[in-house]
Amino acid sequence: MIRWFKRKKKEDREAPPEDTREKQTVEEEGPPEEQTPFEQTRVPAAEFEPAPRDEAGPEMGPPDWNDEEDILEEAEDETQDKDLPKTGFFRRLRQRMKGTREKFVHRIDRLVLGKRVIDEDLLDELEEILITSDLGVKTTGMLLRKVADKVKRKELSDPAKLREQIRDEIRAVLNVEAPPLDYRTAKPFVVMIVGVNGTGKTTTTGKLANQFKRQGLKPMLVACDTFRAAAVEQLSIWAERVGAPVIKQKSGSDPSAVAFDALDAAVSREIDVVLMDTAGRMHTKVNLMEELKKIHRTVTKKMPGAPHEVFLVLDASTGQNALSQAKLFKDEIGLTGLILTKLDGTAKGGIIAAICDELQIPVRYIGIGERVDDLRPFDPDEFTNALF
């Protein structure tokens with residue numbers, strides 16, 4: 001960019017005034033020759049030839065002001081990567097979180113760049129960044145209050161430290177107190193997978209079964225989604241791929257009956273983990289939620305203490321709508337954990353902090369891609385390091 005300005009300045013100095021150049025051209029060429037209409041409209045082919053590129057620098061043209069910011073961000077990422085773990089999943093997680101990082105973290109970096117004090121104007125701009133990054137109004141207010149308190153107590157005065165403060169606060173929010181998952185505490189250990197349409201419940205169920213298989217457990221898949229077209233077939237393909245049995249009935253069957261039969265089969269086959277893939281339903285439809293409650297009651301009546309876990313699968317790209325879904329599902333059937341999918345294709349990953357803060361429900365798994373091993377147990381520290 002500096003070379004561009006130098007070259008531009010040099011050319012401006014060497015070039016004669018515009019009207020002078022025109023006079024010189026007219027004098028040299030002499031009187032214009034008469035041209036036929038065809039010759040007047042014909043454009044010489046040479047005029048279409050691109051100008052030779054200057055190998056010493058970029059092509060002439062207005063400078064791209066975003067180049068400098070992109071270079072700074074890439075250099076910053078490379079510097080930070082030196083102190084971070086180099087596991088394959090962490091690298092993929094950091095790469096897939098690029099959209100959220102650019103919308104959230106890099107905007108904070110640009111906000112504090114060159115600032116000397118943390119004043120009200122800076123906090124107002126920070127508030128806008130947090131809200132537009134899908135952290136929600138409540139979580140944003142909590143973070144700002146903590147920052148303002150530290151500024152008032154003079155524990156935080158350097159704007160450059162603001163990023164670290166936000167990172168630590170978000171890490172604390174994501175660390176929801178919850179007992180560790182232990183799928184060997186009951187046999188069979190029953191897990192219900194719930195959520196709205198299109199969040200990836202069936203795919204997530206198959207990926208969970210694959211993980212349990214690798215851990216030496218015997219999983220069983222249950223096709224309680226008897227309404228969606230080809231849902232049973234999709235789960236059957238996953239069962240064949242994983243090498244796990246699947247309990248299913250014909251399309252349109254009562255899903256509660258499928259769940260009842262599955263528990264009998266799980267006991268007789270000595271299954272370790274039962275994964276029930278339920279039908280996707282809108283959280284605002286009362287009749288569909290009642291059907292889900294019926295499955296829950298049937299499982300509890302057949303096997304006291306079950307289901308041992310109820311996982312809600314959320315699409316991270318839906319932003320604040322995911323928070324509304326989690327609230328209603330929690331009130332209707334009770335949730336024990338969340339699975340956040342499609343983090344790789346969104347810039348709204350901040351919603352994970354809003355859900356943990358407002359509902360105090362732990363995130364158990366996150367999905368960052370379509371590969372079987374792209375669904376992994378959620379680690380708040382690893383997630384925060386990848387984001388910041």
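A word on the ground rules. This is a predicted model, where local features need pLDDT of at least 70 and side-chain atom pairs count only at pLDDT 80 or more, while totals for chains, interfaces and linings use all residues. Residues are numbered from 1 along each chain as its sequence is written, and side-chain values use heavy atoms, with hydrogens and water left out.

Let's begin with salt bridges, meaning a side-chain nitrogen of Lys or Arg within 4 Å of a carboxyl oxygen of Asp or Glu. How many salt bridges does that rule give? The count comes to 15.

One of them pairs Arg-163 with Asp-109, with the closest N and O atoms 2.7 Å apart. Arg-163 sits in helix H10 (residues 162-174) and Asp-109 in helix H7 (residues 105-112), so this pair ties together parts that are 54 residues apart in sequence. Helices here are DSSP runs of H or I, at least four residues long, and strands are runs of E, at least two, numbered from the N terminus. Both Arg-163 and Asp-109 are buried; buried means under 20% relative accessible area, exposed over 50%, and partly exposed in between, using a 1.4 Å probe and protein chains only.

Next, Asp-272 and Lys-187 meet in a salt bridge at 3.4 Å, N to O. Asp-272 is in the loop between helix H13 (255-268) and strand E4 (273-278), and Lys-187 is in the loop between H10 and strand E1 (189-194), so the pair links parts 85 residues apart in sequence.

Now a local pair: Lys-293 and Glu-290 meet at 3.3 Å, N to O. Both lie in helix H14 (residues 286-302), three residues apart, about one turn of the helix. Glu-290 counts as partly exposed, at 36% relative accessibility. There is also a network, in which salt bridges that share partners join Arg-167, Asp-168, Arg-171 and Asp-381.

A negative patch is formed by Asp-119, Glu-120, Asp-121, Asp-124, Glu-125, Glu-127 and Glu-128. Patch residues have over 30% relative accessible area and no salt bridge, and like charges are joined within 9 Å. Within that patch, Glu-127 lies in helix H8 (residues 120-132) and is partly exposed at 33% relative accessibility.

Last stop: Lys-146, in helix H9 (residues 137-152), is partly exposed at 37%. Lys-146 and Gln-165 are 19 residues apart in sequence and 9.2 Å apart in space, C-alpha to C-alpha.

Notes. Patch = residues over 30% accessible without salt bridge, like charges linked within 9 Å, V, L, I, M, F, W, Y side chains within 5 Å. Areas by Shrake-Rupley, 256 points an atom, 1.4 Å probe, with all protein chains shown as cover. Lys, Arg positive; Asp, Glu negative; His and termini not counted. Charge placed at Lys NZ, Arg CZ, Asp CG, Glu CD.
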